[in-house]
Amino acid sequence: MPELNIDFQKHIFSQMKKIMQDSIRACYKILDPVKRCHSFEILGYDFMLDDNFKVYLIEANTNPCLETTCPILSRVITDLVDTGFRIALDPLFPPPNFTKRMSH
């Protein structure tokens, strides 16, 4: 199989990021109409690529599958959920600082 000479971050992820930003901008007023404080939602985006590596949005889900059925999904989904909790909860309930030594 020939090696693809493409920078994923530059050529593919940048398109995905732009599509996700545009979709949020298009509906941000109705995502949380009651303006709840201290809440978050994880959205799932499905994309496809054409032969020229152009990215197309297939769908966006408000209840994405969070199954960790393979090592890559296990790492990505675990990091995603952990980061979501850190962003939403750490400002309200700061984690303990375990680096300080307890004095006796």
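## Burial

A residue counts as buried when its relative accessible area is under 20%. By that cut-off, 12% of the 104 residues of the protein are buried. The model is a predicted one.

The accessible surface of the protein is about 9400 Å². Carbon and sulfur atoms hold 60% of that surface.

## Fold and overall form

The protein contains two helices and two strands. Starting at the N terminus, their order is α-β-β-α.

The radius of gyration of the protein is 19 Å, whereas a compact globule of 104 residues would have one near 13 Å. Along the principal axes, the C-alpha atoms fill a box of roughly 65 × 40 × 25 Å.

Consider contacts between residues at least 6 apart in sequence. Of these, 33% join residues at least 24 apart.

## Charges

The protein carries 12 positive and 13 negative charges.

## Aromatic pairs

Three aromatic pairs occur in the structure. One of them joins Phe 40 and Phe 85, with ring centres 5.8 Å apart. The planes of these two rings meet at 85°, and planes over 60 degrees apart count as edge-to-face, so the Phe 40 and Phe 85 pair is edge-to-face.

Where do the two residues of this pair lie? Phe 40 sits in the loop between helix H1 (8-31) and strand E1 (44-49). Phe 85 belongs to helix H2 (residues 71-89). The pair therefore ties together parts that are 45 residues apart in sequence.

Methods:
Residues numbered from 1 in each chain as written. Predicted model: local features only at pLDDT ≥ 70, side-chain atom pairs only at ≥ 80, totals over all residues. Heavy atoms only, no water. Helix = DSSP H or I, 4+ residues; strand = E, 2+ residues; numbered from the N terminus. Rg over C-alpha atoms; globule rule 2.2 N^0.38 Å. Buried < 20%, exposed > 50% of the residue type's maximum accessible area, 1.4 Å probe, protein only. Contact = heavy atoms within 4.5 Å. Areas by Shrake-Rupley, 256 points an atom, 1.4 Å probe, with all protein chains shown as cover. Lys, Arg positive; Asp, Glu negative; His and termini not counted. Charge placed at Lys NZ, Arg CZ, Asp CG, Glu CD. Phe/Tyr/Trp six-rings, centres within 6.5 Å; stacked < 30°, edge-to-face > 60°.
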